[in-house]
Amino acid sequence: MHILLTGGSGFIGSNFVRFALESRADLSITNLDALTYSGNPENLADIEHDKRYRFVHGDIKDLDLCTRLLGEVDAVVHMAAESHVDRSIIDGRPFVETNVLGTQTLLDAARRNNFKGRFVHVSTDEVFGDLPLDQPELKFHEKLPLKPSSPYSASKAASDMVVHAYHHTFGLNVSVTNCSNNFGPYQFPEKVIPLFVTNLIEGKKVPLYGDGRNVRDWLHVVDHCEAVLAVLEKGKAGQTYCIGGNNERSNLELTHTILELMGKGKEMIQPVTDRLGHDRRYAIDPRKIESELGWKPTRSAWPGALEQTIKWYVDHERWWRRVKSGAYREYYQKQYGNR
Ligand SMILES: NC(=O)c1ccc[n+]([C@@H]2O[C@H](COP(=O)([O-])OP(=O)(O)OC[C@H]3O[C@@H](n4cnc5c(N)ncnc54)[C@H](O)[C@@H]3O)[C@@H](O)[C@H]2O)c1
């Protein structure tokens, strides 16, 4: 099977390329990525000469390019997105452009090709809004209405709806995944875990939003990749699959665990003004994907998986220092030209 993966040079995408090529000998991947600030081909430096991997530098909003690429592949895994909530609060426009118009462009390219292959749209649990802290029995599931609260999650929810509409209207063979917060290697260090870990290595404090009581359901990125592959191979057209780790942690608990694992004290916490409209709690009920597709997380056990992730950043200091300083951009400017 030849997959068109969009956003394969980002955090989840690069983990997906590595995981999918390692676990399926008959699979090849074309990675379409615009190399925005969070796309880093260095994430795949060890793969770029693999005969089963091809990189195409381009934008999912380019209909002619997407039409050509859709004509060459058997399936699509769509991950390309603007992905950071804080950036969406500063400027929501690129989020609507990439996440909504970009997704629609890909779907239109599929229609132009009369594409019959599987199309997996990778989305977030944030499309469901948030849950109260005092009702732990409530969790997100596939039958809930979408109720996004940030400009990021609103753009993802819109894209999920466009994807479902293309199934309903044109019969495209699509599935949508809504996954909880991911952690693991190659995450851009604006996101909380790599930000805190790399700050602590640099001797800097960690900025903790508000009262720190916001809860997230943490899943190892490779468990997420395995779930996406299961949806690609066994998922049903028109269906949504919620993916989560049954691993709820408050930001305060997460911060304390990171400090403890890195041998640092609580004085390294710098409380900062809360994020605007900060969702209180996300939690996934993963029973549908577990029972229908036989997926279960096996790499997310806490705190061992967090400890391994911290070790990855400690061992890959050159990688994140180049990301933090912007030096990684020279690498692809040399290979793929200026943007
Ligand atoms: N990180 C999480 O915890 C999480 C959880 C659930 C779902 N998701 C979803 O998974 C997907 C990947 O997230 P991530 O954390 O790896 O994000 P990321 O920001 O690390 O990577 C996004 C990638 O998309 C590329 N991209 C952006 N705009 C593009 C465009 N117009 N055309 C082509 N490529 C473009 C970027 O260059 C980058 O390589 C996103 O759709 C996100 O909404 C993320």
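**View 1. Aromatic pairs across the whole structure.** Searching the entire structure turns up 12 aromatic pairs, where rings of Phe, Tyr and Trp (its six-membered ring) pair if their centres lie within 6.5 Å, with planes under 30 degrees apart counted as stacked, over 60 as edge-to-face and the rest as tilted. One of them joins Y37 and F188, an edge-to-face pair at 5.1 Å centre to centre with 90 degrees between the planes. Y37 sits in the loop between β2 (28–33) and β3 (53–57) and F188 in the loop between β7 (182–183) and α6 (192–201), so this pair ties together parts 151 residues apart in sequence. Helices here (H or I, at least four residues) and strands (E, at least two) are DSSP runs, numbered from the N terminus. Both Y37 and F188 are buried, meaning under 20% relative accessible area, against over 50% for exposed and in between for partly exposed (1.4 Å probe, protein chains only).

A note on the model: it is predicted, so local features need pLDDT of at least 70 and side-chain atom pairs pLDDT 80 or more, while totals for chains, interfaces and linings use all residues. Residues are numbered from 1 along each chain as its sequence is written, and side-chain values use heavy atoms, leaving out hydrogens and water.

View 2. With 20 residues (93–112) at 1.5 Å a residue, α4 should span 28 Å, and its end C-alpha atoms agree at 27 Å apart; the expected span is 1.5 Å times one less than the number of residues. There's a bend of about 25 degrees at G102, taken as the angle between axes fitted to the seven residues ending there and the seven starting there. Among the buried residues of α4 are F95, G102 and A110. After the helix comes N114, with a positive phi near 50 degrees. F95 is buried, and so is Y152.

**View 3. A charge over a ring.** R87 lies over the face of Y37, 3.4 Å from the ring centre, and K288 does likewise over Y241 at 4.7 Å. To count, NZ of Lys or CZ of Arg must be within 6 Å of the ring centre and within 35 degrees of the ring normal.

**View 4. Around the ligand.** Of the 29 residues around the ligand, those that come nearest are D33, S38, S83, Y152 and K156; a residue counts as near if one of its heavy atoms lies within 4 Å. D33 has a polar side-chain atom 2.5 Å from a ligand oxygen atom. For M79, a backbone N or O atom lies 2.9 Å from an oxygen atom of the ligand.

Technical notes:
Polar contact = N/O pair within 3.5 Å; in protein donor to acceptor, adjacent residues only side chain to side chain.
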